[in-house]
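Thanks, everyone. Today I want to talk about charged side chains and how they pair up. Please have a look at the model first.

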Amino acid sequence: MLKVLLVDDEHYILQGLKALIEWEKEGFVIAGTASNGSEALEFLKHNQVDLILADINMPEISGLELVQKIRTEKLSEAFFVILSGFAEFAYAQEAIRYKCTDYILKPIEKEQLLDILQKISALKADKEEENRASQKMERAYLAQNLTAVIKGKYDDVNLQYVREHMCFAGGIRYIEIELDEALLEEEWSDEEKRAYQRKLSEACVEYLKTYADHCVFDVSNKEHIYDIGFVYCDGIAKEALKPEKAYLKDFLSYLRNVSQLPVIMLAGKKVDDIHNLAKSYGTACILRSCQGFQNQKEIYYYEEEVQVSGSGIVLCKKEIDVLISAIEQNEPPEITKAVNVFFEEMLRMGIAGESRSLNINYLLFQLIHLATKQDGHVNQEEILRIISEQSFKGGLDRGSKAHVLRFVQEYAQYLAQLRKNVSRGVLAEVETEIREHFADNLTLKGLSEKYYVNSAYLGQLFRKKYECSFKDYLNRVRIEAAASQLLYTDKKIYQVAEEAGYHNLDYFVNRFIAAKGCTPTQYRRKAGM
C-alpha cells in the first residue's frame with residue numbers, strides 16, 4: 001500500500017477526500033492528515049509517505065511553500081499534488097518548478113482523483129524499478145572493486161571506493177564458501193552447479209543482511225570452481241554478539257539447512273587491514289588446493305591447518321626428487337620405499353606444521369608439472385585434487401604416510417595412462433557406449449573402471465572435447481533420443497522419459513525445457529504429432 005498525507009486547512013475537505021474513493025482498493029492508505037503546512041512538516045519528520053495531496057492556499061505555510069521546503073531540505077521524496085481553487089497559470093508554473101506531479105482544481109471529482117492515483121502508482125513502480133536497477137549497478141561496481149582488492153590487482157581508486165562504501169572493523173579474513181564435492185553421491189552437471197551457486201549466493205545475502213556487500217559471487221572466476229567469496233571482519237561477529245568461530249559456525253549451519261548440501265568454508269589467514277586482503281585470499285586458495293590432504297572438516301582455518309613453527313622451513317628436496325622419479329616410472333616397490341624415506345627424513349628433521357605442508361605442496365606441484373607436460377589442455381590441478389580425495393578412505397588421516405602412499409600410487413598409474421595417450425581410443429569407446437546404452441545407469445566412475453582410465457582424467461577429456469561435464473554430455477544424448485521418440489512415435493511422455501533413461505518425469509520435463517525451450521508435449525505438437 002502507498003501511504004498518503006492529506007493537507008488542507010478546511011476540515012470538511014479533508015473528510016471529503018477520505019470518503020471520495022475507496023483508497024485501499026486503489027492500493028493507497030491514508031497515513032495522516034494536517035490542517036496546515038507546519039503540521040505537515042512536523043509529520044514528515046517522523047513518518048515516510050509516498051504521496052502528498054496539499055491545498056495551495058493555507059495559513060502559516062502555503063502549499064507551494066510546503067513543497068519548496070520539502071524539496072530544498074530533502075525531507076521527503078514523495079510525489080506531490082497541489083489542490084487549488086485558482087486556475088492561474090503562474091501557480092501551475094511554480095508547482096512544476098518544485099517537481100509537483102500534478103496540479104488539480106477544486107472541487108475534486110472522483111474520476112479525476114482516480115486518474116491521479118493511477119498515474120502515481122505507475123510512476124512509483126517506474127521509480128522502484130529504476131532504484132533496483134541503480135542499486136544493482138552500484139552493487140556490481142562495488143563487487144568489481146572489492147574483487148580487485150581481494151586478488152591484489154588494485155590501485156588507490158579501487159581501494160578508496162571499497163573503504164568509502166564498506167565497513168571493516170578489527171581483523172579481516174577472506175573466506176571461500178563452496179560445495180564439498182567429495183561428499184556428493186553423484187556427479188553434478190555444470191548447469192546444476194551454477195544453479196546451486198546462485199542459490200547459495202542468495203542465502204548468503206539473506207543471512208548477512210546489512211553486510212550483504214561483503215559477499216561476492218564467483219570470486220575465483222575459474223572454470224569449474226563454483227565459489228562465493230565472503231570478506232569477514234571481527235565487527236560483523238561483534239555486532240551479532242558472538243565470537244568469530246561461533247558466528248561462522250552458525251552462518252555455515254544456515255547455508256547447509258537452506259541448501260541441504262555439504263557446504264564448507266575455507267578461512268584464509270587473518271590480516272589487519274583491507275589492503276592486505278590479497279594475502280588472506282592467497283592462503284584460502286592454498287587450503288583449496290591442498291584440501292585433499294587435510295582432515296575433513298566443515299570450516300578450515302589457515303592458522304590451524306598450517307601451523308607455524310619457530311624452527312624455520314626445511315625442504316626435503318632430495319627425498320622428494322627420488323619419490324617423483326619413482327612415480328614417473330610407475331614402480332610400486334620403489335614408490336613405497338621412497339615414501340617411507342621421505343616421511344622418515346621429515347621425522348628425523350623434526351619437520352611439522354608449515355614446513356610439513358610446504359614439503360607436501362612441493363611434491364604436489366611437481367606432480368602437476370609432470371602431468372601438464374603430457375597434456376597441458378586439461379585442468380591438472382583439479383585432477384590432482386580429485387585423485388587425492390579418491391585415494392583417501394576411512395581410517396586414514398589426511399596427509400598421513402598411508403594417505404600419501406595410496407595417492408602417489410594412483411597418480412603414478414594416471415601418469416602412465418597419459419604417456420600411453422589412452423584418450424585416443426578410450427574416449428571413442430566411451431562415446432559409443434553412451435550412444436548405445438544411454439538409458440542405462442551410466443556413471444563416470446563406472447565407465448572409467450570398465451575402460452581402465454582415471455575417472456578424473458576421463459571427466460576432463462569430456463570437458464576438453466565437448467566443453468561440458470560428462471553429466472551434461474549424457475543428458476544431451478538422452479534429450480536428443482527423447483526428442484526423436486517424440487517426433488517419430490506416439491508413445492506416452494512417461495514412456496519416452498523412461499526409455500531415454502529418466503525415471504523421474506518432472507526431472508525429465510525440466511531438462512527437456514532447458515534444452516529445447518518448450519515442454520515435450522509442446523515439442524510434439526509443433527511437429528504436428
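A quick definition to start. A salt bridge here is a side-chain nitrogen of Lys or Arg within 4 Å of a carboxyl oxygen of Asp or Glu. Keep in mind that this is a predicted model.

Side chains of opposite charge can pair when their charged atoms come close. How many salt bridges does that rule give? The count comes to 24.

Let's begin with a network. R173, D234, E244, K270 and E303 are linked by salt bridges.

Now some single pairs. K106 bridges to D8, with the closest N and O atoms 2.9 Å apart. K106 sits in the loop between strand 5 (102–105) and helix 5 (110–150), and D8 in the loop between strand 1 (2–7) and helix 1 (11–20), so this pair ties together parts 98 residues apart in sequence. Are these two residues buried or exposed? D8 is buried, at 1% relative accessibility. K106 is partly exposed, at 23%.

Next, K471 and E192. They form a salt bridge too, and their closest N and O atoms are 3.6 Å apart. This pair links distant parts of the chain. K471 belongs to helix 20 (residues 470–488) and E192 to helix 7 (residues 190–208), 279 residues apart. K471 has a relative accessible area of 16%, so it counts as buried, since the cut-off is under 20%. E192 is partly exposed, at 21%.

One more pair. E499 and K491 meet in a salt bridge at 2.6 Å, N to O. E499 is partly exposed, with a relative accessible area of 36%. K491 is partly exposed as well, at 25%.

Definitions and conventions: Residues are numbered from 1 along each chain as its sequence is written. This is a predicted model: local features need pLDDT of at least 70, side-chain atom pairs count only at pLDDT 80 or more; totals for chains, interfaces and linings use all residues. Side-chain values use heavy atoms; hydrogens and water are left out. Helices (H or I, at least four residues) and strands (E, at least two) are DSSP runs, numbered from the N terminus. Buried means under 20% relative accessible area, exposed over 50%, partly exposed in between (1.4 Å probe, protein chains only).
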